[in-house]
Amino acid sequence: MFLEVLNDFQVALPYLCRLVVSAICGAGIGLERTYRQKEAGLRTHIIVALGSALMMIVSKYGFFDLFLYDNVKFDGSRLAANIITGVSFLGSGIIIYKGSIKGLTTAAGIWATAGIGLAIGAGMYGIGVYATIVLLIILIPAIIIAKKRKKKKKDGMEEYLQQIEDERAAEQLQ
């Protein structure tokens with residue numbers, strides 16, 4: 001059993017390339033959205049691209065073992081499609097909460113996590129773990145960058161308010 005799981009990691013290496021390329025493509029789109037200061041930015045687009053690639057890999061390759069039986073007719077893509085639909089409703093609830101639009105990255109993360117669950121549930125341990133690692137590599141540095149960006153925004157706002165206050169004081173002196 002343990003050797004079988006270890007072998008799965010080696011077999012999943014070509015799929016890792018697909019995940020990384022998908023994440024890079026999502027990052028390209030996300031950078032553009034971030035530059036335009038849109039709600040769904042870099043992290044959201046990377047997560048959506050990664051999650052959709054993962055779900056496609058699982059739908060395409062995750063159910064080959066069922067075809068070993070002559071009397072079994074099964075379409076694995078239907079199962080994955082229904083999970084994606086269900087998780088999408090969950091994500092929309094996260095995004096539209098109390099009339100405001102927030103939580104896009106969280107919703108995308110849940111969606112990608114569903115893909116990870118699909119992969120591991122289909123016995124594709126390697127690709128599921130690799131997707132998790134890629135997602136964490138994306139999210140952890142992004143948190144640090146977001147905190148620095150938030151501080152920079154705050155400092156910029158403080159400078160702007162100070163400038164207005166100085167201008168008002170100069171007007172009062174005249």
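In which helix does Ser 22 lie? Ser 22 is found in helix α2, and this placement, like everything described below, comes from a predicted model. Across the protein chain the pLDDT averages 79, with 85% of the residues scoring at least 70. Among the elements of the chain, α2 has the highest mean pLDDT, at 87, whereas strand β1 (residues 96-97) has the lowest, at 71.

**Ser 22 and its surroundings**
- Ser 22 counts as buried because its relative accessibility is 13%, which falls under the 20% limit for that class.
- Leaving aside residues up to four places away in sequence, Ser 22 touches Ala 49, Leu 50 and Ala 53.
- Ala 49, Leu 50 and Ala 53 are themselves among the buried residues of helix α3.

**Packing of α1 and α2**
- Helix α1 (residues 2-11) packs with helix α2 (residues 13-35) at an angle of about 50°, and their axes are 5 Å apart.
- With that angle, α1 is oblique to α2.
- On the α1 side the contact is made by Phe 9, Gln 10 and Val 11, and on the α2 side by Leu 13, Pro 14 and Tyr 15.
- Sorted by class, this contact of α1 with α2 has 5 nonpolar residues and 1 polar residue, with no charged residues.

**Helix α3**
- Helix α3 (residues 42-61) has 20 residues, which at 1.5 Å a residue should span 28 Å, and the distance of 28 Å between its end C-alpha atoms agrees with this expectation.
- The buried residues of α3 also include Thr 44, Ile 46, Ile 47, Gly 51, Leu 54, Met 55, Ile 57, Val 58 and Ser 59.

Technical notes. Residues are numbered from 1 along each chain as its sequence is written. This is a predicted model: local features need pLDDT of at least 70, side-chain atom pairs count only at pLDDT 80 or more; totals for chains, interfaces and linings use all residues. Side-chain values use heavy atoms; hydrogens and water are left out. Axes are lines fitted to C-alpha atoms, for helices over the stretch in contact, and angles run from 0 to 180 degrees between N-to-C directions. Helices (H or I, at least four residues) and strands (E, at least two) are DSSP runs, numbered from the N terminus. Angles under 35 degrees count as roughly parallel, over 145 as roughly antiparallel, 65 to 115 as roughly perpendicular and the rest as oblique. Contact means heavy atoms within 4.5 Å. Ala, Val, Leu, Ile, Met, Phe, Trp, Tyr, Cys and Pro count as nonpolar, Asp, Glu, Lys and Arg as charged, and the others, Gly among them, as polar. The expected span of a helix is 1.5 Å times one less than its number of residues. Buried means under 20% relative accessible area, exposed over 50%, partly exposed in between (1.4 Å probe, protein chains only). pLDDT is the predictor's confidence in each residue, from 0 to 100.
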